[in-house]
Amino acid sequence: MTERPIFTPELLDRCISCGFCLPACPTFALTQSEPSSPRGRINLMRALQEGRLPDDDPTVVAEASFCLGCRACEPVCPAGVHYGELLEEWRDHEWTGRRRPWKLGPLLLATNRRWRVRALGLFRRHARRRSGSGPHLMLGCFERALFPHVSRQAAALVPDASVTPKQGCCGALHAHNGELERGRALARSLGEDLPGMILTTSGGCAAHMAAVLGRDRVRELSEWLAGAGHTPRSPARRLRVALQDSCHLRNANGVWREPRALIEQVADYVELPSASTCCGAAGTYALLRPGDSRRILDRKLDEIAAADPDLIIAVNPGCLRQLRQGLRRRRLRTQAIHIAELLTSHQDNDGSSPADARQDGRVRAAPG
Amino acid sequence: MDSAIDAELARGLSEVVGESHVRTDVGARTVFGTDATPLHRGMPDAVCFPASTEEVAGVVRVANDLKVPIVPRGAGTNLSAGTVPHRGGIVLVLTRMDRLLELDVANMVAVCEPGLTTSALAEAAAGESLLYPPDPGSRTVSTVGGNVATCAGGLRGLKYGVTRDYVLGCEVVLGTGEVIRCGGKLVKDVAGLDLVRLMCGSEGTLGIISELTLRLVPAPEGSGTGLAYFDHLADAGQAVSDVLRNGILPVTLEFLDATCIEAVEGFAHVGLRTDAGALLIFGQDGPSETVARDMERIADACRAQRAIEVRVAGTADESARILEARRAVLPSLSRLAPLTILEDATVPRSRLAEMVQRIEQIASRYELLIGTFGHAGDGNLHPTCVIDPHDGDTLERVEHAFTEIFAAALELGGTITGEHGVGLGKLAHLEGQLGAAQMALLRRIKSAFDPAGILNPGKLAS
């Protein structure tokens, strides 16, 4: 077997095999097994690249898919390995033909054309069209269908944001799931639909767009609000509120202080021990590997049960969905909401507070 | 190895540790074929993960029956290819044995299994206001067992010593499968030969460490950090000598040469002066009055030796920023080229500047980029060469350069390795340092511990 250009050599060379990534990796924590660690996976990638292992090697196939892609290994890497990019290249190579997980097909298909993404949100009340002098609000693909109120609330929080329904998917989904080129093309095309600054309520999308369009064209909502000096109304009663970081927002875009600072303005912030580690949603992971996804989430649910906060805040729709499902399964009283929802409940003037909303069994959505 | 023995090996190991704790898939075997050392790779026949001393002994018996090598491994962070299974066999991973068995505050000792990470031990000790001083760079990942097997050092060597100074007792599975216990919780114990000391740095060639009793010391009350720039490293070396002669034993004395300063500033932008020839980072721990007084005296000694700038950190933040510069050296150098080769030649402290100069001459003769940093207090240098291995005869030039560097270290009364170990990486240079008679003695010792020669064969004295 001979050397094949599966990976960009400079990306693979970066790793000095020091192993500093091991303690940061959720799948290593779960298994304590070197092949399920970033260093182990890079060793597998090198063996693939040099032809020492074939594409269909069972360990290679298993590990390409077992990795959450959370990139928690990147901030702790002294050598600056771009693990996320390596994983994208790995899946681009690995997830072709019969090795591609069958569940991916419909997902990627549903989001690879702008009209299909618009159709996802057709009968849902996402933020309405308007033009403003500020950033362009991204409506998301699955967020449109699953959590349309999030874009309404984001629009309420950023009054000068422009909203246009004529926008597609950013392509993060594709880039992380074996369609690297399409993922990049979708981001570029979204960049044309939304010229100038793009405002997003999804940490995962923020990181992908920053990688393709440039960091200075993308702001995640909490980052934007913190930068704009957003000051919410002080609540009559302060709830105890925890946060689930978005892995890519934190590890790739370096945004983690901002949501904490915003929460602290309106609530008593509770830092969970695993606030910065993956909840197991990991994009399509929860769908492709529900069992492993739950094992990852279970540890976090234990922590939530012990800390017993009133709310847990997500800054990414995938995490929101994952947390809601887990909390329901465990019948915990903590509720998971998006940060837009928390902040709008401290912005509107009708006198309601999240505490009232909690008593209704839901948190109130601001008028959109 | 033929497939009949492979199958027998897998079956034998499964019987000892359970099927789910044996890996024979080629992917896992590939991954466990390397450690943190570049350019060295092996391919084991099986990887197994025992959970107790009995299981370790069981694995040793299987290996004896089938005459296959065993390479013990902790976290695989060693830098001398000590855990590379270049002759195949079993990689025996000890990370499942990671329990802290006892933190005996009255006797100031910790008893633990070998797979416990160095940081976890240090944190547990800190919880009782105790200090486990050895702090190798890889401490968040590395295991205590691996630290003992390589006699790992760290930044506090001069004042606190190295791993061997903290091992009071150990339980060891010999190459025969017999289990011995040597030493214990006692500071004074002269019954028998000092086998505990013999196990330190034995690199898995004499036995497999299955339990450790480690000495702890009272945690210091506080600490301080400062830095000094010099035009010449020799002046920094003289300042260090003056400090020590004045009765001060600093906890930190780290130096960076001009190449390292430039690399760190180019990448990490921590605000270093790139016009300096050398940077000395110094620190002290202890009662706060002592720390303040010592820091001032060290600063004075640096100024007296023509330091071009001296700064003592006023806050913990500032201290952290100074130490950050030292931690950034290796990553910063490693970004200059695809491959990083880190060595640890060591000389008597008084010859440090001379040794660095020799390294510079050797680097320029072979047209290589070598940055040198390290521990000025104990003479432990880290000449670090960054190269593109695909570029012509670079690898050959690196080999020649390091052969000369090791020879220079020996000539100045030093050693080929201060804290990384010999492994495969420096095996060719070992006899040059120890001589034929000592090598023969090491071989006789080895065969007493491991008559069948199955423990990490082909390394150290086998």
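This is a predicted model: local features need pLDDT of at least 70, side-chain atom pairs count only at pLDDT 80 or more; totals for chains, interfaces and linings use all residues.

Which residue of E4(B) does Cys48(B) stand opposite? The residue facing Cys48(B) in E4(B) is Leu92(B).

**A sheet of chain B around Cys48(B)**

- Chain B has an open sheet of 4 strands, ordered E1-E2-E4-E3, with mixed pairing.
- The edges of this sheet are strand E1 (22-23) and strand E3 (70-73) of chain B; each has a single partner strand, so one side of each is left without a neighbour in the sheet.
- Strand E2 (residues 46-48) and strand E4 (residues 90-93) of chain B are joined by 3 bridges and pair in the parallel sense.
- Helix H1 (residues 3-17) of chain B packs on the sheet and touches E1 and E2 of chain B. The direction of H1 makes about 5 degrees with that of E2(B).
- Leaving out residues up to four places away in sequence, Cys48(B) touches Leu13(B), Val17(B), His21(B), Val22(B), Val59(B), Ile90(B) and Leu92(B).

**The largest nonpolar core**

- In soluble globular proteins, nonpolar side chains tend to be buried together.
- The largest nonpolar core here holds 230 residues.
- The members that touch the most other members are Ile313(A), Cys48(B), Val59(B), Leu92(B), Leu279(B) and Leu280(B).

**Strand E12 of chain B and its partners**

- Strand E12 (residues 222-230) of chain B has 7 of its 9 residues buried, so it is largely enclosed by the rest of the structure.
- E12(B) runs antiparallel to strand E14 (residues 278-286) of chain B, and 9 bridges join the two. Within this pair, Gly226(B) stands opposite Phe282(B) in E14(B).
- E12(B) is also joined by 4 bridges to strand E15 (residues 309-312) of chain B, again in an antiparallel arrangement. Here Tyr229(B) has Glu309(B) of E15(B) as its bridge partner.

**Positive phi values in chain B**

- Met108(B), a residue other than glycine, has a positive phi near 50 degrees. Met108(B) sits in the loop between strand E5 (100-104) and strand E6 (109-112) of chain B.
- Is Met108(B) buried or partly exposed? Met108(B) is partly exposed, because 19 other C-beta atoms lie within 10 Å and a buried residue needs 20 or more.
- Asn456(B) is not a glycine either, and its phi is positive at about 40 degrees. Asn456(B) lies in the segment after helix H16 (436-449) of chain B.
- Asn456(B) is buried, with 32 other C-beta atoms within 10 Å.

**A parallel sheet of chain A**

- Chain A has an open sheet of 4 strands in the order E2-E1-E3-E4, and the pairing is parallel.
- Strand E2 (162-163) and strand E4 (218-220) of chain A are the edge strands, each pairing on one side only.
- Strand E1 (residues 136-137) of chain A runs parallel to E2(A), with 2 bridges between them. Leu137(A) stands opposite Val163(A) in E2(A).
- Helix H12 (residues 203-213) of chain A packs on the sheet, where it touches strand E3 (198-200) and E4 of chain A. The directions of H12(A) and E4(A) make an angle of about 165 degrees.

**Ser151 of chain A**

- Ser151(A) is part of helix H9 (residues 148-157) of chain A.
- Ser151(A) counts as buried, with 30 C-beta neighbours inside 10 Å.
- Apart from neighbours within four places in sequence, the contacts of Ser151(A) are His126(A), Ala127(A), Leu137(A), Leu139(A), Glu143(A) and Thr201(A).
- Ser151(A) and Leu262(A) are 111 residues apart in sequence, and their C-alpha atoms are 18 Å apart in space.

**Where the chains meet**

- Chain A puts 24 residues in contact with 23 residues of chain B.
- On the chain A side, helix H3 (38-49) and helix H4 (58-66) are the elements that give two or more residues. H3(A) gives the most, with 4 residues.
- The residues on this side of chain A divide into 13 nonpolar, 7 polar and 4 charged.

**Confidence in chain A**

- Chain A has a mean pLDDT of 90, and 93% of its residues reach 70 or more.
- Residues 349-368 of chain A have a pLDDT below 50. Beyond near neighbours in sequence, this stretch has 42 contacts in the model.

Definitions and conventions:
Residues are numbered from 1 along each chain as its sequence is written. Chains are lettered from A and ligands numbered from 1 in the order in which they are written. A nonpolar core is a set of buried Ala, Val, Leu, Ile, Met, Phe, Trp, Tyr and Cys residues joined through C-beta atoms within 7 Å. A residue is buried if 20 or more other C-beta atoms lie within 10 Å of its own, exposed if 12 or fewer, and partly exposed in between; C-beta atoms are placed from the backbone. Two residues are in contact if their C-beta atoms, placed from the backbone, lie within 7 Å. Ala, Val, Leu, Ile, Met, Phe, Trp, Tyr, Cys and Pro count as nonpolar, Asp, Glu, Lys and Arg as charged, and the others, Gly among them, as polar. Two strands pair if DSSP finds at least two bridges between them. Axes are lines fitted to C-alpha atoms, for helices over the stretch in contact, and angles run from 0 to 180 degrees between N-to-C directions. pLDDT is the predictor's confidence in each residue, from 0 to 100.
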